[in-house]
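Today I opened this model to look at one helix and at some charged pairs. My notes follow, in the order I took them.

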Amino acid sequence: MNRHYLTAALSAILLFTGCEKISETPPELNYIYYDTTAAETAASSQTEAVTEETVITDAAAEETVTVISAAAAVSDGVPSTEWDPAFYDNCLFFGDSICRALSVYNDLVDPERVAAVGGGAARNLNEFTFKLHDIDYTVTTAAEAYQPDIAFLWMGVNDINMTDKQTYAANLEGLAREINEVSPDSRIIIIGMTPTAAYHEWGANPTIIEYNAAAEEMVSSSELPLYYIDVGDVVSDENGYLLTECDGGDGMHLTQLAYYRILSKINTEFKDLIPS
């Protein structure tokens, strides 16, 4: 029997506007159903399109997926969708709307460990507050309160039209430094931006590649406890574009299946980072 998971599509405007602090509350989420079984077998149908004014609406999905066990490697060329949920129990995710979907889809990570907002960027994330367990936190106060084993920084699409790649990388390092100052035992992982679909009108992929490379270079030269991971390979086709089954409907945001693959890859690559 096919399983249906909930897929979200965020407004492109939320990502590429150069606005300053837009809200202390993340944008709402709007769901469409997506058949991930058909997606896994490369079904030809495209996800339902959404208008630019559509924003993601926050709603709890009733369907529960079986808890996934230990992380597995890629099998027969298909990226794994399995991970150990305990790996993420004492982590914090900071980022933009793509990161924020981690707190909206069921069966990903604890929503109270996702401090992310539409419009969030490396250049402005510390201007926002995030409500976790009914308390408003900034990036630094959340890190100080939670003392996460791993702090993930996952953002960039709201930076690439506002800053150059060196500034983007420097801003990421600045956020990492602020986290490190209040939570020195936390490892900090920079998650690379995911690609856009071939039809996406902005054609951002070449820029995304350049900015990801700048972030990776920054990580390699920083004295901070930083790590970098490129997750684009588990959601892209042979030409580097976002796969149909990973496309949330606007050519940039991601399906639940995409997050399964990304969380699996992160867990697999960093499974020994957190002491047992």
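I call a residue partly exposed when its relative accessible area lies between buried, under 20%, and exposed, over 50%. I keep in mind that this is a predicted model.

**Entry 1: a charged pair.** With that scale I looked up Asp136, which is partly exposed at 44%. Its salt-bridge partner is Lys131, with the closest N and O atoms 3.1 Å apart. Lys131 is exposed, at 52%.

**Entry 2: helix H5.** I found 18 residues here, 165–182, and a reach of 27 Å between the first and last C-alpha, close to the expected 26 Å. Asp164 caps the N-terminal end, with a side-chain oxygen 3.2 Å from the backbone nitrogen of Gln166.

Which residues of H5 are buried? I listed Tyr168, Ala169, Leu172, Glu173, Leu175, Ala176, Ile179 and Asn180. They sit on the same side of H5, because their arc around the axis is only 155 degrees. Gln166 and Glu181, on the other side, are exposed. Among the elements covering the buried residues I noted strand S3, helix H4 and helix H6.

**Entry 3: salt bridges across the chain.** I counted 6 salt bridges. Glu223 pairs with Arg177 at 2.8 Å between the closest N and O atoms. This links the loop between H6 and S9 to helix H5, 46 residues apart. Lys265 pairs with Asp233 at 2.7 Å, linking helix H7 to the loop between S9 and H7, 32 residues apart. Lys265 is buried, at 15%, whereas Asp233 is partly exposed, at 47%. Finally, I saw that shared partners join Glu173, Arg177 and Glu223 into one network.

Technical notes:
Residues are numbered from 1 along each chain as its sequence is written. This is a predicted model: local features need pLDDT of at least 70, side-chain atom pairs count only at pLDDT 80 or more; totals for chains, interfaces and linings use all residues. Side-chain values use heavy atoms; hydrogens and water are left out. Helices (H or I, at least four residues) and strands (E, at least two) are DSSP runs, numbered from the N terminus. The expected span of a helix is 1.5 Å times one less than its number of residues. Buried means under 20% relative accessible area, exposed over 50%, partly exposed in between (1.4 Å probe, protein chains only). The arc is that of the directions from the helix axis to the C-beta atoms. Contact means heavy atoms within 4.5 Å. A polar contact is a pair of N or O atoms within 3.5 Å; within protein, one must be able to donate a hydrogen and the other to accept it, and residues adjacent in sequence count only if both atoms are side-chain atoms. A salt bridge is a side-chain nitrogen of Lys or Arg within 4 Å of a carboxyl oxygen of Asp or Glu.
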